[in-house]
Amino acid sequence: MEEGILSTLIQFYDSLYHCFTFPNYKLLPTLEEYASIIGLPITGRIPFNGLEMDHKSHDIKVLSFSQERKEDDFETVFALLVYGLFLFPNIDNFVDMNAIKIFMKGNPVPTLLVDTYYFIHLRNSYGKEMITCCTPFLYKWYISHLPNTNDFWDHKEGQKWSQKIMTLTNTDIAWTNNYFCRIKTLDSYGDFPNVPLLGTKGGISYSPILARRQFGFPMDKIPRNILLDGFFLEEGVENKEFRERITNAWHPSHRK
C-alpha cells in the first residue's frame, strides 16, 4: 500500500450519509464493487448476523484432517484461519471465531463490506478504535477509482498524497467499469429503503442511490431523504429484534 492514501481517504468520510464526500463528488464502497474485487459472488444465503451459535472445537477438526490426510478439508480450515488473522485481527484470541462463521455461512462479501464501514464510522464519529479490519479491500477499492496515469502515481519531491487527492475533480475519477453494465445492483432490502448490513461488531447501512455514478448512471435529481436515512448499531448495544429485522430483510432484496 502507498502510505498516506488511506489516511487521507478516511478524513473525507461523511458520518451522516455513510460515504466519502469530496469537494465536488461522492464515493462509497458497494457490495457489487467488493464482490468484484474479492472475486466472490453475493449469494442468496443470509450472511453473518451475530446471532449464530458458537462452533464447538469438534466442529473444526484441523488435527484429524491433517492426520487422516484429508488435504482439501485441512486446507479449507487453514484458509479460514488465515483470513481470520489478517481480515479480522483479534489479539485476545488470536483468531476471531466470527471469521470462521462468516465464511461457513457462504456469503462473506456483505460482512467484509460492513466491517469496513463500521470501523471507519466508529473512528471518525466517536474517535474510537484503529481501522484495522478489511483495510486491504478498502485500499484496493479506492485506488480503482483514482486516475490510472503515470503523472498521478509518480512520486514528486515533497508532494504528499493528501495534496494529490485534494486536486482531483469529478472528471479525474475513474467512475465505473464495463463489469457493472452487465449486472443488476442491489438497491434495497425488505422494508429498508437502502442496504442494511450486520458485521462482527455492529451494523450500519449505506445508500446505493449515492453510488449511481459508480454504476454508470447520472445523479439526475436530489435523492429523497428516506433513501439517505441510515442507521449505525454500535457494538454492545443489545437489540436482538432489530438484528432479526435486518436478517429477515435479506429476503426479499430488490435489484435494479
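**Entry 1: a helix crossing**

I looked up how α2 passes α6 and found a right-handed crossing (the near helix is turned clockwise from the far one by less than a right angle). This is a predicted model, where local features need pLDDT of at least 70, side-chain atom pairs count only at pLDDT 80 or more, and totals for chains, interfaces and linings use all residues. Residues are numbered from 1 along each chain as its sequence is written, and side-chain values use heavy atoms, leaving out hydrogens and water.

Helices here are DSSP runs of H or I with at least four residues, and strands are E runs of at least two, numbered from the N terminus. Helix α2 covers residues 31-38 and α6 covers 109-126; they pack at about 115 degrees with axes 9 Å apart. That makes α2 roughly perpendicular to α6 (65 to 115 degrees).

I then checked who meets whom: L31, Y34, A35 and I38 of α2 touch V109, P110, L112, L113 and T116 of α6 (heavy atoms within 4.5 Å). Eight of these contact residues are nonpolar, one is polar and none is charged.

Next I looked for cavities, sets of points on a 1 Å grid over the protein atoms alone where a 1.4 Å probe fits but cannot get out; lining residues have an atom within 4 Å of a point. I found one cavity of 30 Å³ or more. The largest cavity holds about 110 Å³, and among its 13 lining residues P47, F48, L198, I246 and W250 are closest to the centre. Strand β7 gives the most to this lining, three residues.

Methods. Axes fitted to C-alpha atoms, helices over the stretch in contact; angles between N-to-C directions. Parallel < 35°, antiparallel > 145°, perpendicular 65-115°, else oblique. Nonpolar A, V, L, I, M, F, W, Y, C, P; charged D, E, K, R; others polar. 1 Å grid on protein atoms, 1.4 Å probe; cavity = no way out; pocket = protein on both sides within 12 Å on 5 of 7 lines; lining within 4 Å. Points joined across faces, edges and corners; volume = space filled by probe spheres on them.
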